[in-house]
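This report looks at charged contacts and at a surface patch. Please have the sequence and the model open while reading.

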Amino acid sequence: MKTKINVSSGADEILSKIRSKFSIRPNIVCRYAVILSLQVDEDPIVCNDNSGREFNRVTLTGDDDILIRELIKMHYTEFISDDEYMNVFLKAHLERGLKLLSKNISQTKSFDNYLMQLIMNGELI
């Protein structure tokens, strides 16, 4: 069973910017990013760049691991092995979600306000 995942250098840069601006731990931002990505109907592009920071599975998904895995399985409606979940699907949604989160984030003063803005715009449910 895969227990670690590396994000891309671009995703790592987004995480660093969000952390420095809002003082939110990267693993928490990653959970929001995955949920945001799952709201998009199209499948995310698989990213093979592993040059960014490494996350332990428990740190990344925490107590929500089973929930996140089941949401990803529902998105694809197919069997997903544990290694595919981490290496392909979770990573792809994480990468896309971070890009979505980084859009317009420089214009807000609070991460909570930013999430509320996404909810009000129907982008995050």
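Does Arg 57 count as buried, or as exposed? With 9% relative accessibility, Arg 57 counts as buried, where buried means under 20% relative accessible area, exposed over 50% and partly exposed in between (1.4 Å probe, protein chains only).

## Basis

This is a predicted model, in which local features need pLDDT of at least 70 and side-chain atom pairs count only at pLDDT 80 or more, while totals for chains, interfaces and linings use all residues. Residues are numbered from 1 along each chain as its sequence is written, and side-chain values use heavy atoms, with hydrogens and water left out.

## Salt bridges

The structure holds nine salt bridges, each a side-chain nitrogen of Lys or Arg within 4 Å of a carboxyl oxygen of Asp or Glu. One of them joins the side chains of Arg 57 and Asp 82 (2.9 Å, N to O); this pair links distant parts of the chain, with Arg 57 in helix α3 (residues 57-61) and Asp 82 in helix α5 (residues 82-102), 25 residues apart. Helices here are DSSP runs (H or I, at least four residues), strands likewise (E, at least two), numbered from the N terminus.

Asp 82 also meets Arg 69 in a salt bridge (2.4 Å, N to O). Because Arg 69 lies in helix α4 (residues 65-76) and Asp 82 in helix α5, the pair ties together parts that are 13 residues apart in sequence. Both Arg 69 and Asp 82 are buried, and salt bridges that share partners join Arg 57, Asp 65, Arg 69 and Asp 82 into one network.
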